[in-house]
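Me: Can you take me through this model before I set anything up? I'll ask as I go.

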Amino acid sequence: MIALAIVIAALLLIALLRFGVFLEYGSEGVIVKLLVGPLVLKVFPSKEKPDEKERKARKKAKKELKKEKDKDKQKKQLPGGLQTFLDMIPPLINMLSRIKRRLLINNLTVHFVVAGTDASKTAMTYGVVNAALGSLASFLDNNFRVKHRDFHVDVDFLSEQQTVYARASFSLAVWESLYIVFALFPIIKIFFKPQKTPKAATRGSSNSKSEAEINTD
């Protein structure tokens, strides 16, 4: 009984555990981190750069993997066309609506510096950027759960270099991600359904076979 209670408690803790992504863009470039509970794992950029031999080995491995994937694509004929795309739209909208309700935006920061020595153009650009960020803020507040948001626009009339700093972190609970995964099943089912052989083609083949038999007789 105690062991069962421990297992149930562990499963509940895992289900409530949150995981997500941290994105940052600034003067140092792009930074991507994976958040798993209290753990923070840096994904990009990697700390250690591979040497020349390692880069060549990775490049060769990628080429071989690409060849294998191309062979698999030739063997498996996946359905395509307009009808398949139209069939996937309703479950895709359903999945997006579930993501919209479950995704938590923990922090979203955008600091934009509008620069330019031409006062009129700079002021016009400032108005456009402010309006765009206002529309984005309204869209996010109406469609997502936003915990903290900070949009700020500054003006610099002494410089020509416009700068932007953006930081975002969003997360999902494990049980919420499973809820979304279930919504993917109808899409996968549609995408991988077997192709039907056209009736015209089958009739044509049967007629040709019968004509060949008559000619041999």
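Reply: Below are notes on the fold, a hairpin, a salt bridge and one serine.

Reply: This is a predicted model, where local features need pLDDT of at least 70, side-chain atom pairs count only at pLDDT 80 or more, and totals for chains, interfaces and linings use all residues. Residues are numbered from 1 along each chain as its sequence is written, and side-chain values use heavy atoms, with hydrogens and water left out.

Me: How many helices and strands does the chain have?

Reply: Six helices and seven strands, taken as DSSP runs numbered from the N terminus (helices H or I, at least four residues; strands E, at least two). In sequence order the pattern reads α-β-β-β-α-α-β-α-β-β-β-α-α.

Me: What share of the residues is buried?

Reply: 18% of the 217 residues, where buried means under 20% relative accessible area, exposed over 50% and partly exposed in between (1.4 Å probe, protein chains only).

Me: What fraction of the contacts with a separation of 6 or more is between residues 24 or more positions apart?

Reply: 74%, with a contact meaning heavy atoms within 4.5 Å.

Me: Now the hairpin. How do β2 and β3 run?

Reply: Antiparallel: five bridges join β2 (residues 29-36) to β3 (residues 39-44). Strands pair if DSSP finds at least two bridges between them. Valine 32 has phenylalanine 44 in β3 as its bridge partner. Two residues lie between the strands, and glycine 37 has a positive phi near 60 degrees.

Me: How many salt bridges?

Reply: One, counting a side-chain nitrogen of Lys or Arg within 4 Å of a carboxyl oxygen of Asp or Glu. Arginine 149 and aspartate 141 form it, at 2.9 Å from N to O.

Me: Where is serine 171?

Reply: Serine 171 is in strand β7 (residues 163-173). Serine 171 counts as buried because its relative accessibility is 7%.

Me: What does its side chain make a polar contact with?

Reply: The side chain of asparagine 106, at 3.0 Å. A polar contact is a pair of N or O atoms within 3.5 Å; within protein, one must be able to donate a hydrogen and the other to accept it, and residues adjacent in sequence count only if both atoms are side-chain atoms. Leaving out residues up to four places away in sequence, serine 171 touches residues including Arg18, Phe19, Arg102 and Leu104.
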